[in-house]
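Please find below a short note on selected features of the structure.

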Amino acid sequence: MRSNYLFTSESVSEGHPDKVCDRISDAIVDAFLGADPLSRVAAETLTTTNRIVIAGEVRGPDSITHEKIIEIARAAVKDIGYEQDGFHWKNAIVECHLHKQSVDIAQGVDSAGDKDEGAGDQGIMFGYACTETDALMPAPVHYSHRILQDLATVRHNGTEPGLGPDAKSQVTLNYVNGKPTGATSVVVSTQHDESLSQEDVREIVRPYVIKALPDGWMCDDAEFYVNPTGRFVIGGPDGDAGLTGRKIIVDTYGGAAPHGGGAFSGKDPSKVDRSAAYAARYLAKNVVAAGLGERCTIQLAYAIGVAKPLSVYVNLHGTGTVEEARLETILQEVMNLSPRGIREHLKLSNPIYERTAAYGHFGREPDADGGFSWEKTDLVDALKSAAT
């Protein structure tokens, strides 16, 4: 394992075209779960210049009509802040093509008789945690998110009215003896008012980047890149088409850990792409929080219609205080890893997903209403006890 190296991760803002789509898709999930916690939703969104197209499969209450879904999409875009000629929450054409869930899929997932709820699809999911940050997240993606969150806050509250909704960040950190020590380069591209020059935007952004990074971590000025093309006035879906689920590395660990390939947004918790990835992060975070390893990668695998995971894999990357094979057994003892078990343990049938659509699904603070429940460390005592 290398000990000295550079590693880079990126983030994108809530106004990035793909994140606009994730936000709309997750708002639809919340609408259905709010009306019926056992709704099934697989909603995909496409955006381009003044057009939003929603498609997918659902099973839920008839009260969530196509007209209601169109209202939900407009409300999401309005909240993000798009009131531009090329993409406006009020003027955009919104099409809804959602239809009923396939009965072939439903019969595999539904519980019946002695059959427990099955996974909504086959697939592999990964969870990861490490000691690089207080959030037990890899540092490059953690600070990339923080930069954009801070910029979004001052855009929304009016402190920086010249900034637009679309933005990206990228942080490269220097690792010495396997530990991050500071940034060697930072890139921020943010949509802005036409009256602002590249240098104006650079000076607006600079203090928020310095604040987001630990003290002394800011890169040299020559390696601080803001709007490298020189101008970023046309942005959002007017500048680039967006699709749900196209920022899955941003959503997870910034490339510092494996990804199973399945997107999260637009999916109800019967889809293990989402719920099992949350469970894997929850377990990995608790393992690290319990002091059983400085790094932990967990893989779960499922088959469509089958309740039990096909495999549970743990890798502590040579930092563990317990045998990994033993830990694989312990994790299945402290948590039921069936789709139903995950959904009930983490209370995933609540309408808690729209807030996850930007700035990462992991490394966030748990909310009082159950949002980000997979970030809790309430299994620490059980893991410590079982591992001794």
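Is the crossing of H8 and H10 left-handed or right-handed? The crossing of H8 and H10 is right-handed (left-handed if the near helix is turned anticlockwise from the far one by less than a right angle, right-handed if clockwise).

1. This is a predicted model, in which local features need pLDDT of at least 70, side-chain atom pairs count only at pLDDT 80 or more, and totals for chains, interfaces and linings use all residues. Residues are numbered from 1 along each chain as its sequence is written, and side-chain values use heavy atoms, with hydrogens and water left out.

2. Helix H8 spans residues 324-334 and helix H10 residues 380-387 (helices are DSSP runs of H or I with at least four residues, strands runs of E with at least two, numbered from the N terminus). Their axes lie 10 Å apart, at an angle of about 135 degrees (axes are lines fitted to C-alpha atoms, for helices over the stretch in contact, and angles run from 0 to 180 degrees between N-to-C directions). H8 and H10 are therefore oblique to each other (under 35 degrees is roughly parallel, over 145 roughly antiparallel, 65 to 115 roughly perpendicular, the rest oblique).

3. H8 contributes Arg 326, Ile 330, Leu 331 and Val 334 to the contact, and H10 contributes Ala 382, Leu 383, Ala 386 and Ala 387 (contact means heavy atoms within 4.5 Å).

4. Strands E2 (residues 40-48) and E3 (residues 51-59) pair in the antiparallel sense over 9 bridges (pairing requires at least two DSSP bridges). Arg 40 has Arg 59 of E3 as its bridge partner. E2 and E3 form a hairpin with 2 residues between them.
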